[in-house]
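Please keep the sequence and the structure in view while reading.

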Amino acid sequence: KVFFSFLIFILLVIEPEFSGMPDYKSLNIYLIIFSLATFTHFFFNKNENWFRIDLIFLLGFSIVHFQWALMYSIDGITPNDYSFFWATSNYTKYMNYGTWLSTVGIIAWLLGFTMLKKAHIQKESINYFELNYKFFFYFTLFVFIMFLFTAGQEYLSGAVYKGETKSASGAGISVYFQLLFSYSIIILCTIAILNMLQNKNSTYIQLIKNIDKKILLLFISTIFIYLYVGDRGGALQPMLASLILYGTFIKPINKKQFFLIIFFGAILMTLIGIGRAEKSNENILFAGVNKVEFTSNYDFTLELANSARTLYKSLSNVPERHDYFYGKLWVSQILANLPLAQAIYLNISGDKTYELDSAEYITYITRGKFSTWGEGSSLIADIYLNFGIYGVVIFMFLFGMFFKKIVNEFELKSSLYWIVAGAILASYAFYLGRGGLFYPLRPIIWSILLMFIFIKRK
């Protein structure tokens with residue numbers, strides 16, 4: 001705690017100029033401080049399981065907020081070398097400050113994670129869950145079928161992700177079926193893994209044999225369909241949740257297994273990304289295989305790293321051209337918990353959609369009101385736009401405490417609702433770095449409501 005607090009103090013003292021050309025020395029200092037902080041975190045949180053929710057979050061956050069600084073520091077590569085992805089040449093001016101701010105934010109997160117004491121329990125106090133989920137399984141199957149039926153041919157052919165149509169996978173009523181299914185399948189995966197607890201010392205083959213075959217088949221079908229149409233998020237979320245829960249509750253995933261999973265997962269996601277950019281009649285995955293060409297070691301994660309532009313763009317506009325939003329850019333994510341609430345709010349308030357969400361605002365200031373695609377956001381940018389530097393410190397600190405609360409609840413295994421909340425957070429952990437602070441709010445609340453309505457203990 002003292003070490004992380006000291007690092008934050010030092011960083012605030014050496015705050016760089018707001019804009020200016022990238023500086024090797026400064027970037028190296030921030031990268032070294034970040035490395036020291038993460039090493040300290042791993043040293044004091046030793047665990048034979050590598051596929052943990054905190055590690056996955058840190059990995060995704062690091063790619064988004066630090067890869068460009070690393071690329072420049074090592075090879076002198078700047079965002080301007082990738083002009084297709086970067087709308088203006090001004091972004092490089094904010095690399096120093098953006099990297100500094102990201103370092104402050106992640107150390108605040110580490111401090112928050114450290115503030116809560118680690119939960120300790122006796123082995124004999126482990127809770128086993130016997131859950132009645134038969135009706136919930138058929139509900140999940142129903143919403144999955146309805147999602148596929150309402151999404152239409154454009155989604156199922158992959159045309160949506162190739163940009164061959166103006167419609168989106170989240171259009172109309174299909175979005176609600178997709179949301180319900182995406183939360184429900186993770187709940188089912190959580191139940192399947194909790195049911196393994198009594199046989200956690202069995203072999204891998206025995207564990208697979210004991211899984212409810214209906215859940216296993218639906219899980220495999222889900223992954224296959226999402227990968228086929230090019231929906232990386234849809235496939236990645238249940239896989240991440242399952243791997244994190246399995247490594248946490250059943251059998252630890254060691255370092256070698258962890259890096260193998262990350263390596264092949266990165267290749268798969270990269271192939272889909274390349275395939276989505278191809279204007280052809282080929283399946284997205286096959287198109288990616290045919291067009292793949294890695295020119296550097298950075299290519300595997302470059303698309304995710306490009307989300308750093310959202311932070312640099314935010315810095316270029318706030319507070320110079322617009323005051324901080326003081327929470328207004330979180331309104332959209334908060335209202336998303338109630339269907340149609342945002343539409344009602346917009347009608348009453350007269351606000352614009354880009355004034356309620358950081359991703360919408362960044363797209364607006366980058367591409368105007370009528371952009372056909374969004375810029376997205378990033379975690380530090382989302383907090384900075386709302387409350388500036390000190391907001392980044394405070395809210396990242398609280399976010400770290402929330403993560404530690406989830407880790408403790410995983411250890412205690414006393415609350416099914418907290419475990420499901422943790423499973424949902426785990427499913428988003430890798431991509432939280434390029435999302436908003438309240439991005440997981442609706443998934444967690446809706447999932448807990450689904451659990452409350454459908455799942456009962458026997």
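**Basis of the description**

The model is predicted: local features need pLDDT of at least 70, side-chain atom pairs count only at pLDDT 80 or more, and totals for chains, interfaces and linings use all residues. Residues are numbered from 1 along each chain as its sequence is written, and side-chain values use heavy atoms, with hydrogens and water left out.

**The chain as a whole**

The protein chain has 20 helices and two strands; helices (H or I, at least four residues) and strands (E, at least two) are DSSP runs numbered from the N terminus. Of its 458 residues, 52% are buried. Here buried means under 20% relative accessible area, exposed means over 50%, and partly exposed lies in between, with a 1.4 Å probe and protein chains only. Contact means heavy atoms within 4.5 Å. Among contacts between residues at least 6 apart in sequence, 78% join residues at least 24 apart.

Two packed helices are described by the angle between their axes and the distance between the axes. Axes are lines fitted to C-alpha atoms, for helices over the stretch in contact, and angles run from 0 to 180 degrees between N-to-C directions.

| Helix pair | Angle | Axis distance |
|---|---|---|
| α7 (residues 174-194) and α10 (residues 232-249) | about 20 degrees | 10 Å |
| α7 and α19 (residues 416-428) | about 120 degrees | 10 Å |

The angle between α7 and α10 makes these helices roughly parallel, whereas α7 and α19 are oblique to each other. Angles under 35 degrees count as roughly parallel, over 145 as roughly antiparallel, 65 to 115 as roughly perpendicular and the rest as oblique. The crossing of α7 and α10 is right-handed, and α7 also passes α19 in a right-handed crossing. A crossing is right-handed if the near helix is turned clockwise from the far one by less than a right angle, and left-handed if anticlockwise.

In the pairing with α10, α7 contributes Ile185, Ile186, Cys189, Thr190, Ile193 and Leu194, which meet Gln237, Pro238, Ala241, Ser242, Leu245, Tyr246 and Phe249. This contact has ten nonpolar, three polar and no charged residues. For these classes, Ala, Val, Leu, Ile, Met, Phe, Trp, Tyr, Cys and Pro count as nonpolar, Asp, Glu, Lys and Arg as charged, and the others, Gly among them, as polar.

In the pairing with α19, the contact is made by Tyr183, Ile186, Ile187, Thr190 and Leu194 of α7 and by Leu416, Ile419, Val420, Ala423, Ile424, Ser427 and Tyr428 of α19. Its residues divide into ten nonpolar, two polar and no charged.

**Phe219**

Phe219 belongs to helix α9 (residues 213-229) and is buried, with a relative accessible area of 18%. Not counting residues up to four places away in sequence, Phe219 touches Ile185, Cys189, Pro238, Met239 and Ser242. The C-alpha atoms of Phe219 and Ile186 are separated by 9.1 Å, although the two residues are 33 apart along the chain.

**Two buried loop residues**

Asn49 lies in the loop between α2 (24-44) and α3 (53-75). Asn49 is buried, with a relative accessible area of 3%, and its side chain reaches the backbone oxygen of Gly247 at 3.2 Å. Beyond four places in sequence, Asn49 touches Gly247, Thr248, Pro252 and Ile253.

Asp351 is found in the loop between α16 (341-349) and α17 (358-367), and is buried at 18% relative accessible area. The Asp351 side chain makes polar contacts with the side chains of Lys328, at 3.3 Å, and Tyr345, at 3.1 Å. A polar contact is a pair of N or O atoms within 3.5 Å; within protein, one must be able to donate a hydrogen and the other to accept it, and residues adjacent in sequence count only if both atoms are side-chain atoms.

**Backbone geometry**

Most residues other than glycine have a negative phi, and most peptide bonds are trans. A cis peptide bond joins Val318 and Pro319, with omega about 5 degrees; Pro319 is in the loop between α14 (308-317) and α15 (331-335). Tyr326 has a positive phi, near 50 degrees, and also lies in the loop between α14 and α15. Tyr326 is exposed, with a relative accessible area of 52%. Leu340 has a positive phi near 70 degrees. Leu340 is in the loop between α15 and α16 and is exposed, at 59% relative accessible area.
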